Amino acid sequence: MTTTPLVELTGVSKYYGNIRALEGVSLEVRAGEISCVLGDNGAGKSTLIKIVAGLHRHDAGTFRVEGEEVTLANPRDALDRGIATVYQDLAVVPLMPVWRNFFLGSEPTKGKGPLRRLDTERMRTTTREALLRMGIDLRDVDQPIGTLSGGERQCVAIARAVHFGAKVLVLDEPTAALGVKQSGVVLKYVAAARDQGLGVVLITHNPHHAYLVGDRFVLLKRGVMAASHTKDSVTLDELTRQMAGGSELDDLRHELERPSGP
């Protein structure tokens with residue numbers, strides 16, 4: 001039985017005046033799967049994220065959430081439909097503790113009227129439990145989030161999205177600024193979100209990271225869809241070759257070869 005995709009974009013385009021940012025891009029996101037969007041800078045990845053996250057409206061094509069055609073008005077509209085986006089620069093307050101950042105904008109309170117106050121104990125306990133469910137064992141949820149490594153901050157953001165009921169998790173280059181070990185930690189928690197039944201969109205320019213966890217791959221070049229694959233239809237070498245330019249690189253190699261002697 002074929003289930004309805006959580007998110008499905010078909011032939012989606014976006015224009016800024018005469019500038020084509022995206023043209024005819026299709027993407028399918030299913031529960032318990034990771035769909036990877038690959039491309040270099042300027043390929044259109046950021047525009048695609050902004051459409052899925054509700055920041056920008058698409059100009060052509062169809063955007064469906066659980067089978068229903070939608071035009072998202074704003075990021076809150078996306079969140080209400082279960083689409084959570086974790087951006088590369090992570091909107092955190094570095095000097096605030098981990099638990100406060102975890103609940104930022106959604107703080108529970110206790111008491112009534114003038115006695116109403118933040119339920120700090122509940123936030124601490126819930127944060128610790130939510131992180132542990134994802135397999136993240138922080139030393140202390142009272143430590144400022146700015147003292148965590150980049151990988152740990154990404155993992156907290158993923159756990160937060162899962163806790164607050166996301167069905168679709170969009171991750172904007174989560175391993176871009178990280179070393180090999182930290183990237184591996186983040187990919188582990190991306191897979192943990194998938195295993196909890198979320199549909200994940202992983203935006204990356206690294207085919208090795210994508211192939212480790214991905215089920216579907218969409219390759220963007222200059223705003224158009226250069227390729228679309230499932231895991232069983234493409235090898236890592238072929239994905240890397242297409243990402244790197246393939247025939248374009250072959251042409252360049254011929255141009256750069258030293259001329260043979262007389």
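Me: Which element gives the largest share of the lining of the largest pocket?
Reply: That's H5, with five residues. Keep in mind that this is a predicted model. Other elements giving two or more residues to that lining include helix H2 (75–80), strand E6 (83–86) and helix H3 (98–102).

Me: What else lines the largest pocket, and which residues lie nearest its centre?
Reply: The lining has 29 residues, and Leu79, Ala84, Thr85, Val86 and Arg160 lie nearest the centre. By type, 20 of the lining residues are nonpolar, six are polar and three are charged. The space inside comes to about 810 Å³.

Me: Which residues make the contact of H5 with H6?
Reply: On the H5 side, they include Gly150, Cys155, Ile158 and Val162. From H6, Val185, Val186 and Tyr189 are among them. The residues of this contact divide into eight nonpolar, four polar and one charged.

Me: What makes Lys45 and Glu173 a salt bridge?
Reply: Their side chains meet at 3.7 Å, N to O. The cut-off is a Lys or Arg side-chain nitrogen within 4 Å of a carboxyl oxygen of Asp or Glu, so the Lys45–Glu173 pair qualifies. A search of the whole structure finds 13 salt bridges.

Me: Where in the chain do Lys45 and Glu173 sit?
Reply: Lys45 is in helix H1 (residues 45–52), while Glu173 is in the loop between strand E9 (168–172) and H6. They are 128 residues apart, and the pair links distant parts of the chain.

Notes:
Residues are numbered from 1 along each chain as its sequence is written. This is a predicted model: local features need pLDDT of at least 70, side-chain atom pairs count only at pLDDT 80 or more; totals for chains, interfaces and linings use all residues. Side-chain values use heavy atoms; hydrogens and water are left out. On a 1 Å grid over the protein atoms alone, a cavity is a set of points where a 1.4 Å probe fits but cannot get out, and a pocket is an open set with protein on both sides within 12 Å along at least five of seven lines; lining residues have an atom within 4 Å of a point. Grid points are joined across faces, edges and corners, and a volume is the space filled by probe spheres set on the points. Helices (H or I, at least four residues) and strands (E, at least two) are DSSP runs, numbered from the N terminus. Ala, Val, Leu, Ile, Met, Phe, Trp, Tyr, Cys and Pro count as nonpolar, Asp, Glu, Lys and Arg as charged, and the others, Gly among them, as polar. Contact means heavy atoms within 4.5 Å.
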